[in-house]
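Hi,

Here is the structure I promised to pass on. Have a look at it first, and then read my notes below.

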Amino acid sequence: MPQVPHPKLTHQKLIILDRDGVINHDSPDFIKSPEEWVPIPGSLEAIARLNQAGYRVVVASNQSGIARQLFDITTLNAIHAKMHRLALQVGADIDAVFFCPHAAADNCDCRKPKPGMFAEISKRYKVSLKGVPTVGDSLRDLQAGFISGCVPYLVLTGKGEKTHVTGGLPPGTSVFPDLAATVQDILKQPAAIAVAN
Ligand SMILES: [Mg+2]
Ligand SMILES: [Zn+2]
């Protein structure tokens, strides 16, 4: 076996998750407080299984509630502190949370379906996103991932049922009932290794 000097830099397994409707229950009224952030059963345990299999788990989330002034960054940080705390309780580690605070009218590059957050993740982790699984409940999650080279997974939690019925999913999208079932499938496959770009 050849020695690899910095295996974590060149061979890291990454997965990119949407937040609302994938990790936690979504709400048409937005998740505006830590109290409203409630995990979908089995989602945090699924993240722990990904970690055990060597995956770094990264969240990419549209949070236009900030632009709409429904909540501020301090509250968003408190929501994420709760997410990290509940995750740690089941041995799950969410490596980083990327979010877009803009509204659609802001025409930013980060709001999904734009690929800005995915590009930022690729840059931050120094990896190509080719073959990296991404999990979402909305079409725009899968579109942003797909154009970034990710392998899209649709979950039927959150807005997922509606997304599935509406159709028009990117080619190669797999559909599973929830994150736990998605992860079970991903961990059955040979790991897609993200390599430095
Ligand atoms: Mg969502
Ligand atoms: Zn944005």
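First, some ground rules. This is a predicted model, in which local features need pLDDT of at least 70, side-chain atom pairs count only at pLDDT 80 or more, and totals for chains, interfaces and linings use all residues. Residues are numbered from 1 along each chain as its sequence is written, while chains are lettered from A and ligands numbered from 1 in the order in which they are written.

On confidence, the protein averages a pLDDT of 93, and 91% of the residues score at least 70; pLDDT is the predictor's confidence in each residue, from 0 to 100. Please treat residues 5-10 with care: the pLDDT there is below 50, and beyond near neighbours in sequence the stretch has 5 contacts in the model (a contact means C-beta atoms, placed from the backbone, within 7 Å).

Now the sheet. It is open, with 6 strands in the order β3-β2-β1-β4-β5-β6 and parallel pairing (strands are DSSP E runs of at least two residues and helices H or I runs of at least four, numbered from the N terminus; two strands pair if DSSP finds at least two bridges between them). β3 and β6 (174-176) are the edge strands, each pairing on one side only.

Strand β2 (residues 55-62) is largely enclosed by the rest of the structure, because 8 of its 8 residues are buried (20 or more other C-beta atoms within 10 Å of the residue's own, with C-beta atoms placed from the backbone). Y55, V57, V59 and S61 point one way from β2, and R56, V58, A60 and N62 the other.

Which strands flank it? On one side, 5 bridges join β2 to the parallel strand β1 (residues 13-17), with K13 opposite Y55. The chain gets from β1 to β2 through helix α2 (residues 43-52), in a right-handed β-α-β crossover (clockwise from the first strand over the helix to the second, with the strands pointing away from the viewer). 6 bridges join β2 to β3 (residues 94-100), also parallel; V58 has A96 as its bridge partner, and A60 stands opposite F98.

Finally, the largest nonpolar core has 46 residues, and V57 is one of those with the most contacts inside it (such a core is a set of buried Ala, Val, Leu, Ile, Met, Phe, Trp, Tyr and Cys residues joined through C-beta atoms within 7 Å). β2 gives the most to this core, with 5 residues.

Best wishes

Key
A residue is buried if 20 or more other C-beta atoms lie within 10 Å of its own, exposed if 12 or fewer, and partly exposed in between; C-beta atoms are placed from the backbone. Two residues are in contact if their C-beta atoms, placed from the backbone, lie within 7 Å.
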